[in-house]
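Me: I want to learn how to read a fold from its contacts. Can we take it feature by feature?

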Amino acid sequence: MQALDLSGVKVGVVIPCYRVARQIESVIRGIPEDVRSLIVVIDGSPDGTRAVVERLADPRVTLLVHEQNRGVGSAMQTGFAEALRQELDIVVKMDGDDQMDPAHLPRLLAPLIEGQADVTKCNRYNSLASLKEMPAVRIVGNAGLTFLVKLASGYWNNFDPANGYVALRAGVLERLEIGRLTRRYFFESGLLIALGIQRAVVQDVAAPARYGDERSSLSIPRSLLGFPPRLILG
């Protein structure tokens, strides 16, 4: 992680977790020490994710637990509410599956710290090399939804709206009705629509994803059928 002066800036990371017992230790250990707060939300995960987090005993971690699985959006509602309670200045969403490299945090945070944007989102499509690393099914699925997300949100310059690696200024987060954000896989798109209503300035940041042997629980066919009606409503 390149140097970034976070003095006087309270940055926290919300990490929604579901079936990530094998990856969560790497995620937590990879986040730089100058990030003051790690809000880990265990979303009804039936594996040993909670035990791994507790064993790490990182003093920065606030561990919140949903006994039943409610979806990534619900986990983020819980995490966002805790971030506001902690009076953080910037809140980052980083999934627990280790696909979001903390090395990109400086580029994600810089536009917010410098007052150039209200929200930053990582863009996996900035280079051909990045596309070659992405599974074909994800490219097809994301391409099928991107246009409708742009149409619904108004963010035509955002090239990777489905990307969940995002950072927000707390002032913007306070204006959102957190309890009304979508609770499951429509969360990222729904968040963009809510931000568009607030006229928040959203900026893309080039950052390729990392893909390991984890299996996504997001169904591409279900998304292609379920997202369009929600986007039209948005």
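This is a predicted model: local features need pLDDT of at least 70, side-chain atom pairs count only at pLDDT 80 or more; totals for chains, interfaces and linings use all residues.

Me: How many bridges join β4 to β6?

Reply: Four bridges join them. β4 and β6 (residues 166–169) run antiparallel. Take Val 92 as an example: its bridge partner in β6 is Ala 167.

Me: Now a helix. How do I read its buried side?

Reply: Start from the geometry. An α-helix has 3.6 residues a turn, so residues three or four places apart point the same way. Now look at α2, which spans residues 49–56. Its buried residues are Thr 49, Val 52, Val 53 and Leu 56. Seen down the axis of α2, the buried residues fall within an arc of 95°, so they line one face of the helix.

Me: What covers the buried residues of α2?

Reply: The cover includes β1 (11–17), α1 (24–30), β2 (37–43) and β3 (61–66). Check the backbone just after α2 too. There Ala 57 takes a positive phi of about 55°.

Me: Where do Phe 80 and Phe 187 lie?

Reply: Phe 80 lies in α3 (residues 72–85) and Phe 187 in α8 (residues 187–197), so the pair ties together parts that are 107 residues apart in sequence.

Me: Is Phe 80 buried or exposed?

Reply: Phe 80 counts as buried because its relative accessibility is 0%. Phe 187, at 1%, counts as buried too.

Me: Last, charges. How do I read a salt bridge?

Reply: Side chains of opposite charge can pair when their charged atoms come close. This structure holds ten salt bridges. One of them links Arg 60 and Asp 58, with the closest N and O atoms 3.1 Å apart.

Me: Why does Asp 58 count as buried?

Reply: The cut-off is under 20% relative accessible area. Asp 58 counts as buried because its relative accessibility is 18%. Arg 60, at 9%, counts as buried as well.

Me: Which side chains meet Lys 93 in salt bridges?

Reply: Asp 95 meets Lys 93 at 2.6 Å, N to O. Glu 188 meets Lys 93 at 3.1 Å, N to O. Glu 188 lies in α8 and Lys 93 in β4 (residues 90–93), so this second pair ties together parts that are 95 residues apart in sequence. Both Glu 188 and Lys 93 are buried. Asp 95 is buried too.

Me: Which residues do shared partners join into one network?

Reply: Glu 25, Arg 29 and Arg 55 are joined that way, through salt bridges that share partners.

Notes: Residues are numbered from 1 along each chain as its sequence is written. Side-chain values use heavy atoms; hydrogens and water are left out. Buried means under 20% relative accessible area, exposed over 50%, partly exposed in between (1.4 Å probe, protein chains only). Helices (H or I, at least four residues) and strands (E, at least two) are DSSP runs, numbered from the N terminus. The arc is that of the directions from the helix axis to the C-beta atoms. Contact means heavy atoms within 4.5 Å. A salt bridge is a side-chain nitrogen of Lys or Arg within 4 Å of a carboxyl oxygen of Asp or Glu. Two strands pair if DSSP finds at least two bridges between them.
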